[in-house]
Amino acid sequence: MADSSPITVLVTGAAGRTGKLVYNKLKENPNQYVARGLVRTEESKQKIGGADDVFVGDIRDAESIVPAIQGIDTLIILTSAVPLIKPGFDPTKGGRPEFYFDDGAYPEQVDWIGQKNQIDAAKSAGVKHIVLVGSMGGTNPNHPLNSLGNGNILVWKRKAEQYLADSGIPYTIIRAGGLLDKDGGLRELLVGKDDELLQTNTKSIPRADVAEVCIQAVNIEEAKLKAFDLASKAEGEGAPTKDFKALFSQITSPF
């Protein structure tokens, strides 16, 4: 980084499983970053330490997120609608659980309107770079994830990605594979496009590695104006990725 003063980075969805990892990683490097988090409730704020740099706001309410975004350099979007399992499901009986979304928390409201609100607020505030974490599978409208709770989650995520790509703000769109709660830094990471990785047996990635890629994208020019799928080899296969500039340089696709 040419400029030695720390950059101010806001992580939204900071109480989520991946968002929390990104927020904590930023906090571990105070010489490089001034970290901020955005969460929806006071309870979530306390869950991640309750520091003054955690803002409470609802991404569906554009006004409420303006204070968090004012004065930041980079925005990392890690908000997502969460499908819930309908009560009464008994895994011992086999079959598949049914899913639903809470009222007002459908993917259309969270992944489309909520992300659009963040992008618009960032544009108004003069934010220099947005890193958006989405999901692989968006090229297939019939992807099984879209049927969960009739939410069409990947359709709305894709719409927000397109909106970001068209916004004029330098962006990095990371479409992560299946998220694993495993240690990061131990795997060879793979980038791809158009869901090609879904046709392979390497289509998942530890959340900690996604978090690391988010932070590396903040610093590395080669990550800007790019969209890519992200997965990993199994632990022990290949060499763990250390050179992120080289990783981002493999990507040529702007969407």
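Visitor: What do the side chains of Asp58 and Arg60 do?
Guide: They meet in a salt bridge, 2.8 Å from N to O. A salt bridge here is a side-chain nitrogen of Lys or Arg within 4 Å of a carboxyl oxygen of Asp or Glu. Keep in mind that this is a predicted model, where local features need pLDDT of at least 70 and side-chain atom pairs count only at pLDDT 80 or more, while totals for chains, interfaces and linings use all residues. Residues are numbered from 1 along each chain as its sequence is written, and side-chain values use heavy atoms, leaving out hydrogens and water.

Visitor: How many salt bridges are there in the whole structure?
Guide: A search turns up 16. One of them is between the side chains of Arg17 and Asp181, at 3.0 Å, N to O. That pair links distant parts of the chain, 164 residues apart: Arg17 sits in helix H1 (residues 17-27), and Asp181 in the loop between strand S9 (178-180) and strand S10 (189-192). Helices (H or I, at least four residues) and strands (E, at least two) are DSSP runs, numbered from the N terminus.

Visitor: Is Arg17 buried or exposed?
Guide: Arg17 is exposed, with a relative accessible area of 53%. Asp181 is exposed too, at 56%. The cut-offs are under 20% for buried, over 50% for exposed, and partly exposed in between, using a 1.4 Å probe and protein chains only.

Visitor: Which salt bridge does Lys86 make?
Guide: The side chain of Lys86 meets that of Glu98, 3.4 Å from N to O. Both are in the loop between strand S5 (84-85) and strand S6 (99-100), twelve residues apart. Lys86 is partly exposed at 36%, and Glu98 is exposed at 51%.

Visitor: Which residues get joined into one network?
Guide: Arg17, Asp181 and Arg207, through salt bridges that share partners.

Visitor: New topic, strands! Is S1 mostly covered or open?
Guide: Mostly covered: six of the six residues in S1 (residues 7-12) are buried. Ile7, Val9 and Val11 point one way, and Thr8, Leu10 and Thr12 the other.

Visitor: Which strands does S1 pair with?
Guide: Strands pair if DSSP finds at least two bridges between them. Six bridges join S1 to strand S2 (residues 33-39), running parallel, and Tyr33 in S2 is the bridge partner of Ile7. Four bridges join S1 to strand S4 (residues 74-77), also parallel, with Leu75 in S4 as the bridge partner of Leu10.
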